Amino acid sequence: MRALLRGLRWCARQIDGTDRWEEHLRSAAEHGHRPLTRREFERRRADARAGAVSSRCC
């Protein structure tokens, strides 16, 4: 049961971007940079996805 819950938690974190957000915070702290706000971070992620060739429909 615990393994199932861990798996569901992992999936949810992957879907909502929490893992990427926490990695950004660790990286910013490691390099002494000011981290982006969560809103700025998500905006840049969305822009990167929109610009990716594989995300286009046509």
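Reply: Arginine 13 and glutamate 22 are joined through their side chains by a salt bridge, at 2.4 Å from N to O. A salt bridge here is a side-chain nitrogen of Lys or Arg within 4 Å of a carboxyl oxygen of Asp or Glu. Side chains of opposite charge can pair when their charged atoms come close. This is a predicted model, in which local features need pLDDT of at least 70 and side-chain atom pairs count only at pLDDT 80 or more, while totals for chains, interfaces and linings use all residues. Residues are numbered from 1 along each chain as its sequence is written, and side-chain values use heavy atoms, leaving out hydrogens and water.

Arginine 13 also forms a salt bridge with aspartate 19, where the closest N and O atoms are 2.7 Å apart. Arginine 13 is buried, with a relative accessible area of 16%; buried means under 20%, exposed over 50%, and partly exposed in between, using a 1.4 Å probe and protein chains only. Aspartate 19 is partly exposed at 23%, and glutamate 22 is partly exposed at 29%.

Next comes helix H2, residues 18-31. Helices are DSSP runs of H or I with at least four residues, numbered from the N terminus. The expected span of a helix is 1.5 Å times one less than its number of residues. For the 14 residues of H2 that gives 20 Å, which agrees with the 20 Å between its end C-alpha atoms.

Which residues of H2 are buried? They are Thr18, Trp21, His24 and Ala28. They lie on the same side of H2, because they cover an arc of only 120° around the axis, the arc being that of the directions from the helix axis to the C-beta atoms. The cover over these buried residues of H2 includes H1 and helix H3 (38-51), where contact means heavy atoms within 4.5 Å.

Another salt bridge pairs the side chains of glutamate 23 and arginine 26, at 3.1 Å from N to O. The two residues are 3 apart in helix H2, so about one helical turn separates them. Glutamate 23 is partly exposed, with a relative accessible area of 42%, and arginine 26 is partly exposed as well, at 47%. In the whole structure, a search finds 6 salt bridges.

After H2 comes glycine 32, whose phi is positive, near 75°.
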